[in-house]
Amino acid sequence: MKELLERYENKAPEIVFHWKDPETEAEGWTVINSLRGGAAGGGTRMREGLDQNEVLSLAKTMEVKFTVSGPPIGGAKSGINFNPDDPRKKGVLERWYRAVSPLLKTYYGTGGDLNVDETLEVIPITEDAGVWHPQEGVFNGHFKPTEADKINRIGQLRMGVIKVLEHSRYSPDLSKKYTVADMITGFGVAEAVRHYYEVSGGSVEGKRAVVQGFGNVGSAAAFFLAKMGARIVGIIDRAGGVMNPDGFTFEEVVELFRKKKGNALVADQLVPFDEINQKIWSMQAEIFAPCAASRLVTREQIDALIDSGLEVVSCGANVPFADREIFFGPIMEHTDQRVSLIPDFVSNCGMARVFAYFMERRVAMDDASIFNDTSDTIKRAILNIFRQNPTKKNLSRTAFEIALNQLV
């Protein structure tokens, strides 16, 4: 596996698009690792301090993810080095998408990512830039549909991703009109845990869980885990967190979801970050869902969780461990050898799978059909891993072997 991984990591990307904003200090890159299947896909993120190497690593991660989620295309990513809280953000995004629109119409599909919202920013701004849909390039490059078929499928994709959820099974508050895009990735993170226990012989009910990050992914993962009967004992976010060794009730988790401000956890008894960062890693928990930014989890933190009874890690963040390597660094390998580690390209493939689902012809548009499709995709991936390796350890190593044998 490591030889395959080294060959894959060291292969230069096929296309690198570099942009400098003429009106601000913003700088951006689209990295297309390959045009496998005639197209490439990957979201757009924005953060201060981002560089080309980060975008490259994420593009390669996307290509591995497509081996699970489909369609069989290349991996790509866009990243903009700019403060997302800057009031000039909208103008930066408008100029960025105008510059990258020829790629988006030809062979590249994008979506939301860190600090860039799919429904509020990506879709309307790309439309204003003359792109039918942010996934138009995947249609043209990979599916090569007729004009009529393209119109029908793009219409399906447009409606599906921003579809307002109608069933309380998938939404914490129907009055707030959460969409498929809001909930699907966190749903997949939780479903990966459920399928893991079902396949390995067990149940998620009653298991204790720690969640890192409370943005779209972390809050949705906490909601769905709690709905399955898991006990959320700790949540750590950028400004602080909450802990309850007995586990928060489902109603309390729903209330935390409703009260969050943007991507930030809001709670009456919010423990300051420095304090909770000292305590939360030693909490007794069988489940850990790292759903914050990439490359945050240290070896000391994961060891403390393992020593307190950790059984399974379901990654909501891309590359959550503080390794320098693109994929399988020493912290990730160490974790994989000690507990069950479900890799990000399986557990957080929900949004990629939704795009693939809506690109198919005439699919069902109800909540259950959309979410069950993602659940089934993740279940197949976990079953495939366990067929090759039923030991509960080195699951990520096995998953990479399966994926890389399709790519290298």
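This note goes through the predicted model point by point, from the whole chain to single residues.

1. **Basis.** This is a predicted model, in which local features need pLDDT of at least 70 and side-chain atom pairs count only at pLDDT 80 or more, while totals for chains, interfaces and linings use all residues. Residues are numbered from 1 along each chain as its sequence is written, and side-chain values use heavy atoms, with hydrogens and water left out.

2. **Overall form.** The chain holds 16 helices and 13 strands. These are DSSP runs numbered from the N terminus: helices (H or I) of at least four residues, strands (E) of at least two. Along the principal axes, the C-alpha atoms fill a box of roughly 55 × 45 × 45 Å.

3. Of the 408 residues, 61% are buried. Buried means under 20% relative accessible area, exposed over 50%, partly exposed in between (1.4 Å probe, protein chains only). Among contacts (heavy atoms within 4.5 Å) between residues at least 6 apart in sequence, 74% join residues at least 24 apart.

4. **Charges.** There are 48 positive and 54 negative side chains, and the centres of the two sets lie 3 Å apart. Lys and Arg count as positive, Asp and Glu as negative; His and the chain ends are not counted. Each charge is placed at NZ of Lys, CZ of Arg, CG of Asp or CD of Glu.

5. **Cores.** The largest nonpolar core has 108 residues. Such a core is a set of buried Ala, Val, Leu, Ile, Met, Phe, Trp, Tyr and Cys residues joined through side-chain atoms within 4.5 Å. Ile 302, Phe 371 and Phe 400 touch the most other members. Helix H7 (residues 180-200) gives the largest share, 11 residues. Apart from this core lies another, of 21 residues, among them Trp 19, Tyr 97, Tyr 108 and Val 116.

6. **Phe 371.** Not counting residues up to four places away in sequence, Phe 371 touches Leu 165, Tyr 170, Val 180, Met 183, Ile 184, Phe 187 and Phe 224.

7. **Helix H11.** In H11 (residues 299-307), Gln 301, Ile 302, Asp 303, Ala 304, Leu 305 and Ile 306 are buried. Their cover includes strands E7 (208-212), E11 (287-290) and E12 (312-314), and helices H10 (273-279) and H12 (330-338). Gly 309 follows H11, with a positive phi near 110°.

8. **Ser 396.** This residue sits in helix H16 (residues 395-407). Ser 396 counts as buried because its relative accessibility is 0%. Neighbours within four places aside, Ser 396 contacts Phe 328, Met 332, Asp 336, Leu 341, Ile 342 and Pro 343.

9. **Backbone points to check.** Most residues other than glycine have a negative phi, and most peptide bonds are trans. Gly 70 and Pro 71 are joined by a cis peptide bond, with omega about -15°. Pro 71 lies in the loop between helix H2 (52-69) and strand E5 (74-81). Asn 115, not a glycine, has a positive phi of about 65°. Asn 115 is in the loop between strand E6 (108-109) and helix H4 (118-128), and is partly exposed at 24%. Lys 177 also has a positive phi, about 55°. Lys 177 lies in the loop between helix H6 (147-161) and H7, and is exposed at 59%.
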